[in-house]
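Student: I am new to this structure. Please take one part of it and give me a close look, with enough of the rest that I can find my way there.

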Amino acid sequence: MMRLLTLLVLLAALAWSGFWLLGYGALTAAVPIWFEDRRAEGWVAEYDTLSVSGFPSRLDSTLENLTLADPQTGVAWEAPFFNMHALTYRPNHVIAVWPNTQTLAIPGEKLSITTGDMRASLVLDPGTDLTLSRANLAIESLGVTSTASWQLAASAINLAMHRDAENAATYRVAFKADTLTPPVGFALPNGIDLPRSFSSFRADLTASFDRPWDRTAIEHSRPQPVSLNLTLAEIIWGDLQLHAAGNVTIDTSGFPTGEVTIRAVNWRDLLEVARHSGHLPVPVIDTVEQALGFVAQLSGKANELDIPLTFANGATKLGPLPIGPAPRIFLR
């Protein structure tokens, strides 16, 4: 009986070892092929070494000195390493870990990114398409510095993206940033009674795309949003409060059509920031303030606004006031 048990244990160990070796072989073959395919498409796609460890229960892979640059979008990423971890028996659930320093280049500027910790949990559908089922990203102590002379910081960032059960191209998205200091927060002039950081910055929405998120999102192009259902967006910045909810559809050029209702408490603080930033002409800001002040007086609350932000025909209106072209929503 003991011999039989010993034999069964030995066979199980051999089978498990073979299973790990199978995953090891697939991983060490697939990664170089993927990089070769990108180079054949004109990318810069380089790394120094690939190592795989974790026998027998894990497949932990590390790429050293990684560079990826897509010539079509002008986006490039450099990192000293990138880690991926998966259980041997669940290879479609991947934990990705980024280094504490990395560089992201986009057209016109380069971003230096520092983090205390940055990792994501990705659950992918089985198969070669690697379609995203759900993802959770967590970042601690984020700092971003741009060559275009702006900065951004946050003590923590959390992003969750879960696919809808009935529509493979629709995702529920939740975002939350703790102690977020926006670029304007680093340059607040004297006389502006606002802290440097937001005490709340969060959003909850449902986003539908023109196709699901899968491996082609990296290899070819990003899925583009076709509709956004904003359940809630909230910014609290000192005494200034902004809340938003609404729906828009997005055409093939990236321009939205729809309406988002904005509720703003102590909204004049935002205009004061715009006035001192120098990004908008003072007469324009004065006109906006007079118009919004009139709308607020109609409601009986001079410091509060409940007003629609309307997008149509490539233009944006805040209540009855045209404020400029509609933003182009396009994922590069």
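Tutor: Start with a term. A strand here is a DSSP run of E with at least two residues, and strands are numbered from the N terminus. Ser53, for instance, lies in strand 2, which covers residues 49-53. Keep in mind that this is a predicted model.

First, the whole chain. It has 332 residues, and 34% of them count as buried. Four helices and 18 strands make up its list of elements. The C-alpha atoms fill a box of roughly 90 × 40 × 40 Å along the principal axes. Take contacts between residues at least 6 apart in sequence: 49% of them join residues at least 24 apart. The accessible surface comes to about 18400 Å², and carbon and sulfur atoms hold 60% of that. Charged side chains number 23 positive and 32 negative. The centres of these two sets lie 4 Å apart.

Now the part for the close look: the second largest pocket. About 1500 Å³ of space lies in it. Its lining counts 49 residues. Nearest the centre of this pocket lie Ile235, Leu242, Ile262, Leu270 and Leu309.

Which elements supply at least two residues each to this lining? Among the strands there are strand 12 (200-209), strand 13 (225-237), strand 14 (240-250) and strand 15 (256-265). Strand 14 gives the most, with seven residues.

Is Ile262 buried or exposed? Its relative accessibility is 19%, and the limit for buried is under 20%, so Ile262 counts as buried. Next, its contacts. Set aside the neighbours within four places in sequence. Ile262 is then in contact with His243, Ala244, Leu305, Asp306, Ile307 and Leu309. Leu309 is also among the residues nearest the pocket centre. Ile262 and Leu318 are 56 residues apart in sequence, yet their C-alpha atoms are 9.0 Å apart in space.

Beyond four places in sequence, Asp210 touches Pro223, Gln224 and Val226. Ala76 is 134 residues from Asp210 in sequence, and the two C-alpha atoms are 24 Å apart.

From here, step back along the chain. Asp70 is placed in strand 3 (residues 58-70). It has a relative accessible area of 6%, under the 20% limit, so Asp70 counts as buried. Leaving out residues up to four places away, Asp70 touches Trp43, Val75, His220 and Arg222.

Val31 lies in helix 1 (residues 2-40). At 11% relative accessible area, Val31 is buried. Its contacts, with residues up to four places away left out, are Tyr47, Leu50 and Leu63.

Return to Ser53. It counts as partly exposed, at 43% relative accessibility. Ser53 and Arg196 are 143 residues apart in sequence, and their C-alpha atoms lie 44 Å apart in space.

Two loop residues remain. Leu130 is found between strand 8 (117-124) and strand 9 (132-146). Its phi is near 55 degrees, a positive value in a residue other than glycine. At 37% relative accessibility, Leu130 counts as partly exposed. Ser149 belongs to the loop between strand 9 and strand 10 (151-163). It too is not a glycine, and its phi is positive, about 70 degrees. Its relative accessible area is 71%, over the 50% limit, so Ser149 counts as exposed.

To finish, go back to the pocket in the display. Find strand 14, which gives seven residues to the lining.

Technical notes:
Residues numbered from 1 in each chain as written. Predicted model: local features only at pLDDT ≥ 70, side-chain atom pairs only at ≥ 80, totals over all residues. Heavy atoms only, no water. Buried < 20%, exposed > 50% of the residue type's maximum accessible area, 1.4 Å probe, protein only. Contact = heavy atoms within 4.5 Å. Areas by Shrake-Rupley, 256 points an atom, 1.4 Å probe, with all protein chains shown as cover. Lys, Arg positive; Asp, Glu negative; His and termini not counted. Charge placed at Lys NZ, Arg CZ, Asp CG, Glu CD. 1 Å grid on protein atoms, 1.4 Å probe; cavity = no way out; pocket = protein on both sides within 12 Å on 5 of 7 lines; lining within 4 Å. Points joined across faces, edges and corners; volume = space filled by probe spheres on them.
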